[in-house]
Amino acid sequence: MAKNHPSSPDESPSEAVAPRSVGVVGRVVGRLRAVLGKLLADPFHVLLVLAVNVAVVVGIVSTAVILRNRKPPPIPITFATAFSALDSGNTAE
């Protein structure tokens with residue numbers, strides 16, 4: 001039985017072993033790394049990615065602030081609420 005020994009001193013044992021078949025996830029991760037490597041190589045593209053991220057964060061924060069500060073609709077005035085206010089002595093309502 002042959003042992004796996006590195007062919008050169010600077011080669012690690014993991015490089016000497018035959019590569020495993022890469023699954024779908026491995027191919028997707030490899031492709032994503034390649035695309036991100038090309039995208040982030042140009043300073044203009046880096047600036048563009050940062051601007052898009054800032055716009056997304058500002059949009060999420062502003063939407064959260066708007067939704068948080070919503071006031072519930074006023075309670076509709078009915079005869080029952082008017083008569084109960086009169087019975088309690090509150091003629092302004």
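Modeller: F79 counts as exposed, because its relative accessibility is 68% and the cut-off for that class is over 50%. F83 falls into the exposed class as well, since its relative accessibility is 51%. This is a predicted model, and the classes are computed from it.

Both residues belong to helix 4 (residues 79-87), where F79 and F83 are 4 residues apart and therefore separated by about one helical turn. A pair of aromatic rings is described by the distance of the centres and the angle of the planes. The count of aromatic pairs in the model comes to 1. In that pair, the ring centres of F79 and F83 are 6.2 Å apart and the planes stand at 20 degrees, so the pair is stacked; the reasoning rests on planes under 30 degrees apart counting as stacked.

Of the 93 residues, 1% are buried. The protein exposes about 8,800 Å², of which carbon and sulfur atoms supply 68%.

Nonpolar side chains also form a patch on the surface, made of F44, L48, V52, V56 and I60, with about 480 Å² of accessible area together. One of these residues, V56, lies in helix 3 (residues 43-68).

Conventions
Residues numbered from 1 in each chain as written. Predicted model: local features only at pLDDT ≥ 70, side-chain atom pairs only at ≥ 80, totals over all residues. Heavy atoms only, no water. Buried < 20%, exposed > 50% of the residue type's maximum accessible area, 1.4 Å probe, protein only. Areas by Shrake-Rupley, 256 points an atom, 1.4 Å probe, with all protein chains shown as cover. Patch = residues over 30% accessible without salt bridge, like charges linked within 9 Å, V, L, I, M, F, W, Y side chains within 5 Å. Salt bridge = Lys/Arg side-chain N within 4 Å of Asp/Glu carboxyl O. Helix = DSSP H or I, 4+ residues; strand = E, 2+ residues; numbered from the N terminus. Phe/Tyr/Trp six-rings, centres within 6.5 Å; stacked < 30°, edge-to-face > 60°.
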